[in-house]
Amino acid sequence: MQDEEATEEEFTVTPWEVEGKIDYEKLTEKFGTEKVDEELLSGIEDIAGETHFMLRRGIFYSHRDLDWILDEYEKGNEFALYTGRGPSGHTHVGHLMPWIFAKWMQDKFDVEMFFQLTDDEKFLFKFENTLEQTHSYALENAKDIIALGFDPEKTHILIDTDNIDTLYPLALKAGKRLNFSNVKAVFGFDNSTNVGSIFYTAVQSAPCFLPTELNEKDVPVLIPCGIDQDPHFRLTRDIAETIGYLKPALLHNKLAPSLDGTGKMSASQPKTTIFTTDSPEDVDEKVNEAFTGGRISAEEQRKKGGNPDICAIQNYRFFIFESDDERVDDIAKRCRNGDILCGECKGLLKENINDFLEKHQKKREKAKDRLDEFLFDG
Ligand code: TRP
């Protein structure tokens, strides 16, 4: 018993705090989610005609009711996708992960996509933030979403303070059924928590019900998101049916680690996080400083090899920047054999990141004039 408690305390995952080395197996047990198994993977592949590297590599690894979503889809009952982002700063590449995946899902399944940018959340939970700042970051983040190439006819970006007329009735329905003791237990709130934060989870629930409202019929919703967001939707799922809606389904991704080799990428750790707005010089500097699995000297590394398993550079490649499995494996092998040293390996990653960012930043610039095509009108 003692031991169990001790290991459980080695890491913490809540929507607002991720600490320690996350044991993803344990987390699924703790949260009570299902693992994405072979059957589900081939179910997706059958419909999509191919798989996505994030599924194949177990980055999207856990779910709730994904099997139901696929069954319904096959019966002709299309789902809507919903995901979101708390605009506390510029978008970093860790955020792009579920979005790149969601874009693939939209392409393959040809479904509606809803994004929620929670300027209210980031205002409430961070004392220093003003609403003006979080709202302006919401618009900045929206440009990144648009730059990824979502279909403007089928993609709706909601900014909480702009679209509250639409969201509020739905948030109220959820808020009426959520009780303080559950919310407190799930999020670890106490008497000093501001009351805005206590209600907030109801606002994050609201878009789960929006596709049903807009279509005037039950629309299943699938939420691809970081596993850290699961607590919100566990609450939503508990109350959805009591207020006349379907429970949202979830597909969880592992969190992209930061460049220092610990925890998750975080906007509050700018030195170890790559933002979509970074210049090639910023990227060079951050990648150069990253934590690697290298040895103390080049000589020793040539002799004994490095350890790609703990290396932030290899992780970045694995999680986002290299979709070719063979290349990922090949670099890992060369690292273990001592055939590639950290300098060269960092150079390869920098190229990947800078190529991606160069294109992304151009599209991001153009997205400035396309906001109206995507921002939810209501
Ligand atoms: N709370 C999320 C964050 O801090 C933002 C968010 C809102 C979200 N709705 C979501 C994330 C739905 C995933 C899915 O980033």
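A: A polar contact is a pair of N or O atoms within 3.5 Å; within protein, one must be able to donate a hydrogen and the other to accept it, and residues adjacent in sequence count only if both atoms are side-chain atoms. In this structure a side-chain N or O atom of glutamine 204 lies 2.9 Å from a nitrogen atom of the ligand. This is a predicted model, in which local features need pLDDT of at least 70 and side-chain atom pairs count only at pLDDT 80 or more, while totals for chains, interfaces and linings use all residues. Residues are numbered from 1 along each chain as its sequence is written, and side-chain values use heavy atoms, with hydrogens and water left out.

Q: How far from a nitrogen atom of the ligand is the N or O atom in the side chain of glutamine 229?

A: For glutamine 229 the distance is 3.0 Å, and a polar side-chain atom of glutamate 121 lies 2.9 Å from a nitrogen atom of the ligand.

Q: How much of the ligand does the protein bury?

A: Accessible areas come from the Shrake-Rupley method with a 1.4 Å probe, and for residues only the protein chains shown count as cover. Taken alone the ligand exposes 360 Å², of which the protein buries 93%.

Q: What share of the residues of the protein counts as buried?

A: Buried means under 20% relative accessible area (1.4 Å probe, protein chains only), exposed over 50%, and partly exposed in between. Here 52% of the 378 residues are buried, and the C-alpha atoms fill a box of roughly 65 × 55 × 45 Å along the principal axes.
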